[in-house]
Amino acid sequence: MENIIPRRIYDFLKAYPPFSLLSEDLLLQVSERVIVQYYQPQQEVFHQGDRPGTHIFIVREGAVQLFREAGAESFLVEQCDEGDVFGIRPMLAAENYALTARAAEETLLYAINIEGFQEVMEGHPQVALYLASTYAAGIGQKYKIANPSQLFLDRSEKAVEHFALMEVQSLERSKDPVTCPPGTTIQAAAVIMSEQEVGSIIVVDEGSRPTGIMTDKDLRRKVATGKIGLDVPISAIMSSPVVTMPPTVTVADVQMEMVRNRINHICLTADGTTESEVVGVLSEHDLMVMQGNNPAILIREIRRCKAIAALREIRDRAEELLKKYIFQEVSIAFISTVMTEINDEIIVRCIELAETAMEAEGLSRPDVSYCWLALGSEGRREQLLRTDQDNALVFGDVPEAAYENTKAYYLDFAGRVTRLLNEVGFEYCPADMMASNPSWCLSLSEWKQQFSRWIHQPEPKAVMFCTIFFDFRPIHGDRALSTALTEHIFDALDDQGIFLVYLGKNALQNPPPLTFFRNFVVENSGAHKDEFDIKARAMMPLADAARLLVLHAREGQINNTFRRFERLAELEPKNQELYEQAADAYEILMRYRALQGLKKQNSGRYFNPSDLTKMERINLRNCFRPIKELQSLLNTRFRLALLS
């Protein structure tokens, strides 16, 4: 007769990670070795400093609190509830217990002998990763570094086979390079290209280092038109310098480099620079053969679009690309780069369509440059999903007599652009933080005055505006205007250092995302009652802290939150670990918000904590840890208590 106790233990364990990741047969074997233990309230399971035992523990009923002992005082670090695993130190590191475990109430524990379970962990990396994610130091960092992104996707989602990611695979080989010396005539080079059936030829020096490239496009535009003769050296029409990359790059790296430089060929060299020998060449056609639908193709289609409906369809396809990346756990840094490039190109195309329409209506653009600015998450290169718009426009200073007409033109223009973006799927900003608002369509001098006013008169509303507008990024137009604004902000901060204190106080406005009992802080009323706001409660505290700290460090031109933390880690070695944890946490939060948005077809901002799996709750809680430490750092560095 089957032993019903192991079966009951199995039925319990299978509902909780990491045991939910094991097969039924293997989990039954584990269940047969479980010891059931009873603890009275305040009875210790183990004590800080004890030698590691032979078991790990799972809370079956009740609760266990973990304390850090400091002399005569004990500080509560964690509370483990039903299904939580603790006491894993003897499995992951040969060190004494770092915390004291004490039953908070009458408690039943399942104790699993580490002998035998070590083999389970070695054969199931996901189990090891899960256990490491709950482990605060040592070997846990090794697992985290080895695979930081595998946090939320269960086995069914990871098993989606039709998501082939050719673009993130390394290029193991490329077309053998066809080369010639710079003295070769155009005709001789063309003959070589024809014989080798290639669309380009690399011009190299005596050391086989690239000095230029001639493509079939050059032949059509410069030779076939009669502008240059066939007997002229190839150096007369070659493009130089050559854009080079190392042979270890991914397909997507090559695609994005082609898009940025508006070229169709990439030269691969031994070390990725023009100072080493040519080892290969890749054309746009080569990449299209490798994969039919990819970021570079989407961007090229965007640039050719003449209708908004087509732009919306391309953005829909980009969302499918995002889903593919998320479910294959591609790094968020790469995903945000790709989605930002796509979003930027859509904005630029909407701008070009608006300009073309106004020109067709006989509305001439004023003789003064402008720059379209992205704000908020798009300004920070973090807009993965189609959320509402945040943008502004700055135009050059003009004489007073020309100001009214100039502003009227750019307001009309901005209104057209925001309407087009809305049709693509980027909704209007509910707070009207858009370039079509007269308050956010200003001349350079007006913007400087506006920023100076906010900095020198840091009222709550002014500080709130700064958290939005200080993340601006130029998208299209005269970037010198954007640079001038950045320089002005830092000049103004030099005169008004107290402003950063007010910005710091604002960064502490959002309460910690967890209650004392480690429950998620949810909305008390409104349309999202009982839901967790991942943007306001978790992401913005990190983004606000990063913004304040880079402003204090006078580090301009770094808008992205996790890139800001990475730079801060370089600038402040003593806080390197905290900043790296914050960067990792922000990337994980971005990934989870995108997951929620893709599942629910919305912005992913709100979700019900009760819908989370146990693994998701634990990983999100781990992401919240750097928030408290960062806010403590801000409190000390900017002496924020003085403003209380």
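Contact here means heavy atoms within 4.5 Å. The legends below describe a predicted model.

**View 1. The whole protein chain.**
The model is predicted. The protein chain has 644 residues, and 52% of them are buried. Its secondary structure comprises 24 helices and 20 strands. Consider contacts between residues at least 6 apart in sequence: 71% of these join residues at least 24 apart. The accessible surface is about 29700 Å². Carbon and sulfur atoms account for 49% of that surface.

Thr 387 sits in the loop between α15 and β16. Is Thr 387 buried or exposed? Its relative accessibility is 14%. Buried means under 20% relative accessible area. Thr 387 therefore counts as buried. Which residues does it touch, leaving aside neighbours within four places in sequence? Thr 387 is in contact with Ser 377, Phe 426, Glu 427, Arg 593 and Ser 603. Ser 377 lies 10 residues away along the chain, with 9.0 Å between the two C-alpha atoms.

**View 2. The largest nonpolar core.**
The largest nonpolar core holds 131 residues. Six members touch the most other members: Ile 342, Trp 372, Phe 413, Trp 447, Phe 469 and Phe 624. Helix α14, residues 332–360, gives the most to this core, with 15 residues.

**View 3. Ile 342 up close.**
Ile 342 is one of the residues that touch the most other members of the largest nonpolar core. Which residues does Ile 342 touch, not counting those up to four places away in sequence? They are Leu 298, Ile 299, Ile 302, Arg 315, Ala 318 and Leu 321.

**View 4. Helix α18 under cover.**
Helix α18 spans residues 460–469 and is mostly covered. Of its 10 residues, 7 are buried. These are Ala 462, Val 463, Phe 465, Cys 466, Thr 467, Ile 468 and Phe 469. Phe 469 also belongs to the largest nonpolar core. What covers the buried residues of α18? The cover includes α15 (376–379), β16 (391–395), α17 (444–456), α20 (498–507) and α21 (534–552).

How many disulfides does the structure hold? It holds 0. Take Cys 305, which is buried at 6% relative accessible area. The closest cysteine sulfur to that of Cys 305 is in Cys 350. The distance is 9.4 Å, too far for a bond. A disulfide needs cysteine sulfur atoms within 2.5 Å. Cys 466 is buried too, with a relative accessible area of 0%.

**View 5. Strand β13, enclosed.**
Strand β13 runs over residues 265–269. Why is β13 described as largely enclosed by the rest of the structure? Because 5 of its 5 residues are buried. Both faces are covered. His 265, Cys 267 and Thr 269 are on one side, and Ile 266 and Leu 268 are on the other. Strand β12, residues 244–245, pairs with β13 in the parallel sense over 2 bridges. Met 245 has Leu 268 of β13 as its bridge partner.

**View 6. The sheet of β9, β10 and β11.**
These 3 strands form an open sheet in the order β9-β10-β11, with mixed pairing. β9 (179–180) and β11 (210–215) stand at the edges. Each has a single partner strand, so one side of each is left without a neighbour in the sheet. Strand β10, residues 200–204, pairs with β11 in the antiparallel sense over 5 bridges. Ile 201 has Met 214 in β11 as its bridge partner. Helix α8, residues 186–196, lies across β10 and β11. It runs at about 75° to β11.

**View 7. The sheet of β2, β7, β4 and β5.**
This open sheet has 4 strands in the order β2-β7-β4-β5, and the pairing is antiparallel. Which strands stand at the edges? They are β2 (44–46) and β5 (73–80), each with a single partner strand. One side of each is therefore left without a neighbour in the sheet. From one strand to the next, the twist averages 35°. Strand β4 (residues 64–70) and strand β7 (residues 100–103) pair over 4 bridges in the antiparallel sense. Phe 67 stands opposite Thr 100 in β7.

Definitions and conventions. Residues numbered from 1 in each chain as written. Predicted model: local features only at pLDDT ≥ 70, side-chain atom pairs only at ≥ 80, totals over all residues. Heavy atoms only, no water. Core = buried A, V, L, I, M, F, W, Y, C linked by side-chain atoms within 4.5 Å. Buried < 20%, exposed > 50% of the residue type's maximum accessible area, 1.4 Å probe, protein only. Areas by Shrake-Rupley, 256 points an atom, 1.4 Å probe, with all protein chains shown as cover. Pairing = 2+ DSSP bridges. Axes fitted to C-alpha atoms, helices over the stretch in contact; angles between N-to-C directions.
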